[in-house]
Amino acid sequence: MAAKIGAAPSPASANDVLARLGAEFDGAPGVDLEFSLRLRPGRVEAGDRFGAWLDGGGPDAFAPVARALARLGAPAAVVDAQRRDALPVRQGIAVAFDGGGPEFRLYLHGREPATLADRYVAWRWRPGGEPRRLRYAFHFLPETPSGVRPLDLVDARLRAGFARLLDDERLRQGSGFWLREGADGSIEQVDLALPWCPVAGTLPGLVALAEALGLPAEASHLWRGVPVRHVAARVGPGEPAVTLYASAPVDGAWPADVGELRDRVRRGARAFGRRVARLYRSLPPARRARDSGGFYDGAVSTWAAVLGPGLHYHAGLFEPTESEPDDAAMDAALRRAVTQLYPFIPAGGRIYDVGCGWGGPLAMWIRDLRCRALGLTNSRSQFRHVAGLGLPVRWGDAEATLPPGHFDCIVLLE
């Protein structure tokens, strides 16, 4: 008989939760395991905090997540949110045991149907309690479209350490930060993403954070050897807290207990970090960014008067009969310069639009070719405009940044 929503007994221990997750996740393709520990003033909380993530890949790819929620007795609202998640990409279930018992989390990574932009939602609940909905948003460094930077948010006691973390060239070149928002829109957490999984003790910024928090020397073995994928800081009044996350793909059978999970994640993350480090060493050094983005500043209405309503910042391709083009012919010629490239752009692929301008071509291959695209512009005004359209975009110089991940095609239109 299928498990009834909310009817499963509450897990008695962290290993019980791990076994329930393993009953559904074990053997599924694309599973990552994760654990975290929390640094607070004078102490390290290295208790039972872990989770499992599953990648998509087919119509039933996330059925294990639905079954695991039933095994955990998840509230109906959480089960319904997982079932209704549009264009799902990745989903995860995590738990944190503290003095109040287990708190569960469901993470949903999907895509917006219109723009294919990433969408991140999470739910948190305790057995028998009401679930709480959260929203996550990722931003490339240095700032959000509204101008918020990580150092604007962290506790003053942690600012010097976070400044040193943000000074890492690899972080500035190819990564960024997450913001977690509560149901009322207030920011609850800022999270730096470190895709090369550095060992915590090798990061001067983390060492500085440990000193700022007054962590005792005898606790250093708990955190210094962790290969860190994320460094998160609590935002808001109260005691400062920093959370370190480590993750790695499942290698072999499902772990028998949480201790084994942590050991295997450490080994897998260190191995991954060594491979990424070799890749970084093979790359040429970044050039100093040129301050040329200011040329494009100014009111968008002014640029629209020059470029037309589509804001295509490139030359057009005219038909031979269009010897005296009017505005409509000009708009068609500007679009034609983009559509002429369609045979060379993989439909449904991942596209990096270097010098995306005001987003005209970017919007076209998202809409017409259903590409998962990311624009890059060195203009702050263009960055804010394109982001305001809901299109994926980052602010940076192509010579001082790295493409964030794998792309099927990179476009440099003029």
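1. Over the face of which residue does R170 lie? R170 sits over the face of Y280, at 5.7 Å from the ring centre. Such a placement requires NZ of Lys or CZ of Arg within 6 Å of the ring centre and within 35 degrees of the ring normal. R394 lies over the face of F140, at 4.5 Å from the ring centre.

2. On the basis of the note: this is a predicted model, in which local features need pLDDT of at least 70 and side-chain atom pairs count only at pLDDT 80 or more, while totals for chains, interfaces and linings use all residues. Residues are numbered from 1 along each chain as its sequence is written, and side-chain values use heavy atoms, with hydrogens and water left out.

3. The structure holds 12 aromatic pairs. Rings of Phe, Tyr and Trp (its six-membered ring) pair if their centres lie within 6.5 Å; planes under 30 degrees apart count as stacked, over 60 as edge-to-face and the rest as tilted. The pair of F25 and W254 is tilted, because the ring centres are 6.4 Å apart and the planes stand at 40°. F25 belongs to helix α1 (residues 14-25) and W254 to the loop between β11 (242-249) and α8 (258-282), so this pair ties together parts that are 229 residues apart in sequence. Helices (H or I, at least four residues) and strands (E, at least two) are DSSP runs, numbered from the N terminus.

4. F25 counts as buried at 1% relative accessibility, and W254 counts as buried at 12%. Buried means under 20% relative accessible area (1.4 Å probe, protein chains only). Y296 and W303 form a tilted aromatic pair, with 6.2 Å from centre to centre and 35° between the planes. W303, at 14% relative accessibility, counts as buried.

5. Ring pairs also link Y120, F138, F140 and W178 into a cluster. F140 of this cluster is the residue whose face R394 lies over.

6. Strand β12 (residues 350-354) is mostly covered, with 4 of its 5 residues buried. Strands pair if DSSP finds at least two bridges between them. β12 pairs in the parallel sense with strand β13 (residues 372-377) over 5 bridges, and Y352 has L374 as its bridge partner in β13. β12 also pairs in the parallel sense with strand β15 (residues 409-411), over 3 bridges; there the bridge partner of I351 is C409.

7. β12, helix α11 (residues 360-367) and β13 make a right-handed β-α-β unit. A crossover is right-handed if, with the strands pointing away from the viewer, the path from the first strand over the helix to the second runs clockwise.

Note on methods
Buried means under 20% relative accessible area, exposed over 50%, partly exposed in between (1.4 Å probe, protein chains only).
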